[in-house]
Amino acid sequence: MAYDVIVVGARCAGSPTAMLLARQGYRVLVVDRSTFPSDTVSTHLIHPPGVAALRRWGLLDRLVATGCPPIDTYVLDFGPFALVGAPGTEESPVAYAPRRTVLDKLLVDAAAEAGAEVREGFVVDELLTDGDRVTGIRGHALGGGEPVTEHARVVVGADGLRSVVAGSVRLDQYHEKPKLLCGYYTYWSGLPMDGRFETYVRPDRGLAAWPTNDDLTLVVAGWPYAEFEANKTDIEGNYLKAIATAPEFAARVDAATRAERFAGMAVPNFFRKPYGPGWALVGDAGYNKDFITAMGIQDAFRDAELCVTALDDSFSGRRPYDVAMSGYQAARDGQVLPMYEFTCELATLEPPPPDLVQLLSAINGNQPAMDEFARMNAGVLSPADFFAPEHIDQMMTTNLPRA
Ligand SMILES: Cc1cc2nc3c(=O)[nH]c(=O)nc-3n(C[C@H](O)[C@H](O)[C@H](O)COP(=O)(O)OP(=O)(O)OC[C@H]3O[C@@H](n4cnc5c(N)ncnc54)[C@H](O)[C@@H]3O)c2cc1C
């Protein structure tokens with residue numbers, strides 16, 4: 001067998017998977033139809049848990065060296081009031097939003113440095129099987145070329161939402177929800193953010209802004225998917241109308257200069273069983289959700305670590321393949337399900353329920369509780385823990401006027 005693992009897709013999920021496997025001495029081939037650096041549709045905010053993964057992997061200094069500004073404050077504006085808090089922890093205090101041209105190149109290079117063979121501009125057309133299990137890939141170089149086959153003990157699909165790996169195997173898809181939101185974004189110069197992530201929740205509209213590389217600020221605006229057809233012929237007009245629902249922010253955008261074209265999309269929400277005989281899935285290929293909570297990159301990083309641990313356990317004989325990989329699935333689902341439900345609720349852009357409004361108004365001005373809320377929005381604290389009755393009681397108690 002030429003390789004232990006072939007990874008299809010070399011962005012947030014694929015390159016870390018290849019890097020971590022190669023660092024453990026496995027023979028890894030990672031292929032991608034893209035060449036790097038290259039962009040992809042994403043607003044690329046990485047909350048502190050994702051930043052912590054980059055630090056664990058020894059890659060954070062490289063990201064910081066690109067000049068990407070840190071984000072230490074989250075402003076969550078609900079109209080009548082805004083909650084302002086710190087999103088991180090002592091060990092990982094800030095978020096970053098590096099351009100995907102920057103982030104993905106850094107990850108691909110790290111995979112290559114670790115010893116993975118990286119093949120860019122290579123399209124996987126189908127999986128090879130021996131009837132029972134996946135044994136490799138068949139693909140071709142972009143722009144033509146003879147079909148090429150490669151074999152491995154396991155093929156990992158890190159090939160995103162429209163995964164060819166997921167599409168080639170029989171798998172279960174569960175917790176499915178339709179497209180809920182469509183979002184469009186572009187970049188602005190002359191819109192300083194001073195280390196802030198800002199989001200504005202308005203009836204049927206959501207906006208957010210954060211700083212990225214090259215002194216640019218990304219501003220995204222979204223509306224319900226039900227309005228997709230009606231609004232698609234005038235993205236710019238509808239984007240600016242959405243921004244106008246937050247007048248002070250709109251005045252800042254008005255004084256800035258748009259630097260790039262609009263990009264955007266709507267995505268379906270689903271979990272897929274992330275493994276089977278000879279194959280596994282990481283990142284969006286295995287679990288996709290609306291981007292309103294910006295969890296995709298840190299989820300991809302977490303999948304890479306969990307999946308590599310499971311594969312290593314199986315290859316080294318510590319656990320049978322099915323046991324190790326079902327552990328990967330259980331850990332992934334257990335960690336993300338509360339945030340998935342919260343994300344899908346938020347993505348409807350329906351007004352927050354009265355008990356939530358009451359809770360958020362009650363913690364307004366209570367810094368420890370606002371920090372907790374910021375941390376929940378950053379994926380540091382699970383919504384299940386944040387909304388637990390005892391946690392709410394605790395926040396309310398700390399909100400009592402001090403004697
Ligand atoms: C509008 C939008 C905004 C978002 N904003 C954020 C955000 O702010 N923060 C956040 O954390 N997440 C965000 N996300 C989600 C995030 O972008 C994804 O979760 C993340 O990119 C998933 O990484 P991945 O490696 O699984 O897949 P991808 O980034 O999609 O990479 C898949 C790779 O596989 C390759 N590939 C696919 N098929 C083949 C094939 N047949 N052969 C060879 N290569 C193939 C592709 O070329 C691609 O490079 C956003 C998503 C969208 C759509």
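**Strands, helices and a domain record**

Guide: This is a predicted model.

Visitor: How many bridges join E6 to E7, and do the strands run parallel or antiparallel?

Guide: Strand E6 (residues 122-129) and strand E7 (residues 134-141) run antiparallel and are joined by seven bridges.

Visitor: What do E6 and E7 form, and which turn residue has a positive phi?

Guide: E6 and E7 make a hairpin, with four residues between the strands. In the turn, glycine 131 has a positive phi of about 105 degrees.

Visitor: How is a pair of packed helices described?

Guide: The description uses the angle between the axes and the distance between them. Here the axes of H9 (residues 296-315) and H10 (residues 321-347) come within 8 Å and cross at roughly 160 degrees. Angles over 145 degrees count as roughly antiparallel, and H9 and H10 are therefore roughly antiparallel to each other. The crossing of H9 past H10 is right-handed.

Visitor: Which residues in H9 meet H10?

Guide: On H9 they are Asp299, Arg302, Asp303, Leu306, Cys307, Ala310, Leu311, Asp313 and Ser314. The H10 side includes Tyr321, Met325, Tyr328 and Arg332. By class, the contact has ten nonpolar, two polar and five charged residues.

Visitor: Where does UniProt place the FAD-binding domain?

Guide: An unreviewed UniProt entry gives "domain: FAD-binding" at residues 3-318. That span is 27% helix and 33% strand, and its end C-alpha atoms lie 20 Å apart.

Notes:
Residues numbered from 1 in each chain as written. Predicted model: local features only at pLDDT ≥ 70, side-chain atom pairs only at ≥ 80, totals over all residues. Heavy atoms only, no water. Axes fitted to C-alpha atoms, helices over the stretch in contact; angles between N-to-C directions. Helix = DSSP H or I, 4+ residues; strand = E, 2+ residues; numbered from the N terminus. Parallel < 35°, antiparallel > 145°, perpendicular 65-115°, else oblique. Left-handed = near helix turned anticlockwise from the far one by under 90°. Contact = heavy atoms within 4.5 Å. Nonpolar A, V, L, I, M, F, W, Y, C, P; charged D, E, K, R; others polar. Pairing = 2+ DSSP bridges. UniProt positions renumbered as here; feature names shortened; annotations may be inferred.
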